[in-house]
Structures are given as structure tokens and as C-alpha cells.
Amino acid sequence: MATTVLPPQISSDGPSERRKRYLKIVFVKHLTAYNIFRSRSRSPGEPDGIPPATRRRSQSPSRVHIDLPRVSDVDPIRRAERERQLAANIAAMNLEKASNPKVQDGAQDEAERKAEFAKLIGSRSGGVYMPPARLRALQAAAANDKTSPEYQRLSWDALRKSLTGIVNRVNIANIKQIVPELFSENLIRGRGLFSRSIMKAQSSSLPFTPVFAAVVAVINTKLPQVGELVLTRLISQFRRSFKRNDKIVCHSTTTFIAHLVNQAVAHEIIALQILVLLLERPTDDSIEIAVGFMREVGAFLAENSPKANATVFERFRAVLNEGSISHRVQYMIEVLMQTRKDKYKDNPILPEGLDLVEEEEQITHQIQLEEELQIQEGLNVFKFDPNYLENEEKYKSIKAEILGEGSEDEESGSEESSSEDEDEVVADKEGIEDRTETNLVNLRRTIYLTIMNALNYEEAVHKLLKVQIKEGDEIELINMVIECCSQERSYSTFYGLVGERFSKLNRVWTDALEQAFVNYYTTIHRYETNRLRNISRFFGHMIATDAISWIVLECVKINEEDTTSSSRIFIKIMMQEMMESMGLKMLAERFKDEQVKHATKDMFPMDNPKNTRFSINYFTSIGLGVLTEEMREYLKVCQVYIYPRH
């Protein structure tokens, strides 16, 4: 039977069917290869279907493993071609790198380092997270050039993290160990960072506010610009939060300011200004903040400003009687009244363990609530410093002086150095002379504000005695008292009583007042009439009450050549003030005293008839002709000798 051969069938499948068939064939080939590999890796006696047992094999020699590039592609042919091309490119790059490895590695490392630095510098938040090992490598690379912006940026980040960590660790137990750590950091460069860190830490943990205030107080004694910046930013923050009705920020800020007042970093005038602002238009929130603020600072005000403290509580009582606030806030005022009666036993001025600064060492800043503030926001961000190394060396010397470092080195070196060298070193380390008179201006401002805020002369003298005045500068306090007196529209006995009290406290103040009399009489022509009148009445009070010696009148010469219109007005008003205070009879008897008579020989001249006649006419015109009796007798005698009768 003949076999019929069928003609081959031509597939009519489309491209998709052919693609599926091809993939199926490839899959079968891979599966077959995998089974062959499995069968070869088994032991001869191991049955099929059982995985090979885990056993320790001898370590084969290391082989070089090359990672070939892998490409994700559906088409296997195209994927294989792309992998081959990538492998060829990688091989060419490796060959070129092998030809000059040092140049390539150096260029690549430099490029990577610059990229990392650019990432650090370009970030606004002060740097992205970087693994410690990588950060140390970058710091080691940047240490080669300490003047570079990269190194300064890394040191700035390290300073920021260090200050934040130190501030967050402080408490009553370790504050004495924390303060030296703070001084070890560059607080002058990082004063903005320190201010921001301590304000943020205080706002998040109000019970630790006395501790943070004590830290600021200690730093303020050595670096007053840091304490001033913290206080300035707190006042600015209070003003912003008060305008925005932000009760939480207001409460935390006023608490910090209250403890800075307790530590004498801030003057009590800022506390009184805040209380006036809060109590001017009472609301529930403002009264609540004022009560909390008064609870913290009340003990200090009761001791240092009793009159102002009483006025504040009178205002609290008036608000309570008005009844315009809620019952809850009224109860808070009543609790505050009871706290005052208990003498703030639960809110002392300085808690135990935080009295770290001596009263004479503290520097008090006079910052007003309404004045323009320089908060210096630019200190919070990194800025390139062209004199970085020089400034760092300066701070190292300041730190050594503050912490007392290097004393051992000085002792060892002193054994070899002579006494002359030691004298030169001591002379070089003397204090810096301030020729800008900044301290003098600050002293005058403090005296002026103290006088203006006093309710009576006793309180003024009490506060002025607390002002730290260098020996020899007592005349500045007297001059400020007289200047304040001259600025008044009319003379106030307040200033005369202040001067009288000072003269009776210490001989130093008496000498200063006598010196001031001579200075003002010599320069009295520089003052306008109203100021001249007040000054003359002030000194009239001083002489009439024996606050200063009558011997100071020896500088006064009443004659036509040595007097001016201003000096004659000065003597006239001063003598009239003395007459009103003592009486004409007592005044005349006092001028007949031998010592006073000798001191006032130029006021009542009897050496030249011309001068005598001028003095007689002057005192007679101002209503003190009784003082001219001896001069009149002298003038008669002179006339007898000059014009004898025939």
C-alpha cells in the first residue's frame, strides 16, 4: 500500500504566536540546563528528589567576581545585545582607569568631597544627616585648609550641636560643671545659637526657667554681650506675642524675663513696664499673664521697689473690684494677694543652689520695652569669616582668662624667667583701657533711670548706693543728680534732699559736691536761665543745710571784672535760697564767722574801693544790704584817707 505524503503545512500564525512559541522553547532550554546542573551537583548515592545535605566543604580558592550589567527588557535578544554593549563600555573604562589610577582616584575623590560640601552648605536647615564615619572623613579632608568655607561650615554645625546639647543637659545638680563647658565653646561667635537654644529649651520646660536664668547670669558676668542679646530677644519675642495675642509664648517669655530680673541681668524697670502694659487694658489673658509674672518677680520688687510694688497691687485690687474679668481670673488675683501676704515663701528671688553670682560682679542691662531693639537675626546663620583663625585665637585667650587655664604653664615658666620679665607680663595683662567712654555713658544712663523711677528721695538714695561706681567716679553720680535737677521745669526739693542725704552718708560724697560747686560756678555761663536757676537753688540748699562747707564760696569773686551776668544771677538766686531756708538774721550771723569771713573775702572785698562799692551795690540790689555793713564802714574810712577834710 503506498504511503501518502502530506505536503508541509504552512503556519498562518501571526507575530504574537511566533513570539510565544520562541519564549516557550527558551524556557524549556533553561529548565533542561538547570536539571543537568542539579544532577551533577548531587552525590552518586543520593536519590533524586531529595535536596543535598548541608555539609562543610573545603574552601575553594578565591575567584574574581565581575558584576556584569543587567538590563530589564522583554525581548531577550535586544537585552543580550544591550548587556554586551554595556559590558564593553565598562571594560574600556576600567582599562583607562588602570592606565592612570592616581589621577582618576584623586579627581573622583575631590569631586565627591566637593559635592558633599555643596550639599551641606546649600541646605537651609544647617546640614543633612550624614553617617558619622563619612562626616569624620569630610572633617579630616577639610582640616587641611581651616580657612575654607567648608571647614568653617562644619565647625559651625559642630558648635550648634554642642551648644544645644549642653543647654539641654543643664540642671541644678550639674550647673557648676555645665558652665565651664559652655565657656569652652566659642560663645562670642555662637551667641546667636546659644540665645536661640536656651530660649527654645526654656519655652519647652518652664519649671527649669530658674536654671536657665542662672546660666545666663553667670555668662553675663564674663560676656555681657551674650546676656544682652538673650534679654533683647526675649523682649522682642514678648512684644510680638503680645501683639498676636499668643498667650503661651507670652507666659513663657515673661517667666524667663522675671527670673533674669531676679538674677539682676535685667533692670526692674522692664518688669514694671511689662506689668503696666498688661494691666492697662485688663482682659482674662493679660491678667492671667500678669499674675504669673508677678508671682515670679514679686519678691524682688517688694525688696527693691516697694512703692512700685504697692502701686501694682493697687491696680490688681482695682481690676478685682471692677469685676470685668471672669471668676477664674479673679480667684487667681486673690491667690496672688495671699502669696504676697505669705512673703512669697514658695517663690523666692533666687532658689537654693542658683545664687552663683556675686552682687558686685553682675552687669545689669537697661533695656526699655518701647525702644528699638537689635535682635541680630544674622547671628543664627552661618557666615564665612575671613579672619576665622585670628578670631578663634582671640577667643582661646579669653577662654583661658575666664577658666584660669594655663596657670601651671605660667608657674613652670616663672622659675626660668626673671622678675623683670614677670613685671612686663603683668603690665601687658592689665585691663583694656576704654577710650570710647561706653561704660561712662551706661553709668549715666543707669543713674538717670534710677532717679526718674524713684518715688521719693530716700528710695532714690537707696537705689543709687547700689549702683556699681568705680573709685574716683563719684563725681559722675553727683553731676547726674545736678543735671537731672536742671532739666526740671521748676526746682524740686527732691534733688536737694538727695544731695543732702549723700553728703551725710560719707565724706566722699561731700567732697564730690564741693568739687561740683566749683565746676558749675566756673561754667555757669553755658546754661540757659531755667537750668541756671535750678542749679543755683540746689547749691543754695546744700550750703544752707551744711551739706557742703561754706569754704567753697572762696571761688566767688564779686567785682566788675570777674563776674558775668550769668554768675551774678547764680549768686543772687543761691543767696536768696539760703535766706529763705535760714532766715536773714541767721545768714548774716553765719557770714560773720571767722572761717566763713576769711573764705568770702572776695565776695565782700575790702581791698579796693571800686570793688567794694560794686559789691555793696550788688548785694543791696538783691535785698541783702545787711551783709554790706562792714564794707560800708571800710568805704567811709577809705574816703576819709583819700579825701581828707581841710
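In this predicted model, the buried residues of helix 7 are Arg-191, Gly-192, Leu-193, Phe-194, Ser-195, Ser-197, Ile-198, Met-199, Ala-201 and Gln-202. Helix 7 is thus a mostly covered element, with 10 of its 14 residues buried. The cover over these residues includes helix 5 (149-169), helix 6 (175-184), helix 8 (209-222), helix 9 and helix 10 (247-262).

Helix 7 (residues 191-204) packs on helix 9 (residues 224-243) at an angle of about 50°, and the two axes lie 10 Å apart. The pair is therefore oblique, and helix 7 passes helix 9 in a right-handed crossing. On the helix 7 side, the contact is made by Arg-191, Gly-192, Phe-194, Ser-195, Arg-196 and Met-199; helix 9 contributes Gln-225, Val-226, Leu-229, Val-230, Arg-233, Leu-234 and Gln-237. By type, the residues of this contact comprise 6 nonpolar, 4 polar and 3 charged.

Helix 10, another part of the cover over helix 7, is itself mostly covered, as 12 of its 16 residues are buried. Among them are Cys-250, Phe-256, Ile-257, His-259, Leu-260 and Asn-262. The buried residues of helix 10 pack against helix 7, helix 8, helix 9, helix 11 (268-280) and helix 12 (284-304). From its first C-alpha to its last, helix 10 reaches 22 Å, close to the 22 Å expected at 1.5 Å a residue. Just beyond the end of helix 10, Ala-264 adopts a positive phi of about 65°.

Methods: Residues are numbered from 1 along each chain as its sequence is written. This is a predicted model: local features need pLDDT of at least 70, side-chain atom pairs count only at pLDDT 80 or more; totals for chains, interfaces and linings use all residues. Side-chain values use heavy atoms; hydrogens and water are left out. Axes are lines fitted to C-alpha atoms, for helices over the stretch in contact, and angles run from 0 to 180 degrees between N-to-C directions. Helices (H or I, at least four residues) and strands (E, at least two) are DSSP runs, numbered from the N terminus. Angles under 35 degrees count as roughly parallel, over 145 as roughly antiparallel, 65 to 115 as roughly perpendicular and the rest as oblique. A crossing is left-handed if the near helix is turned anticlockwise from the far one by less than a right angle, and right-handed if clockwise. Contact means heavy atoms within 4.5 Å. Ala, Val, Leu, Ile, Met, Phe, Trp, Tyr, Cys and Pro count as nonpolar, Asp, Glu, Lys and Arg as charged, and the others, Gly among them, as polar. Buried means under 20% relative accessible area, exposed over 50%, partly exposed in between (1.4 Å probe, protein chains only). The expected span of a helix is 1.5 Å times one less than its number of residues.
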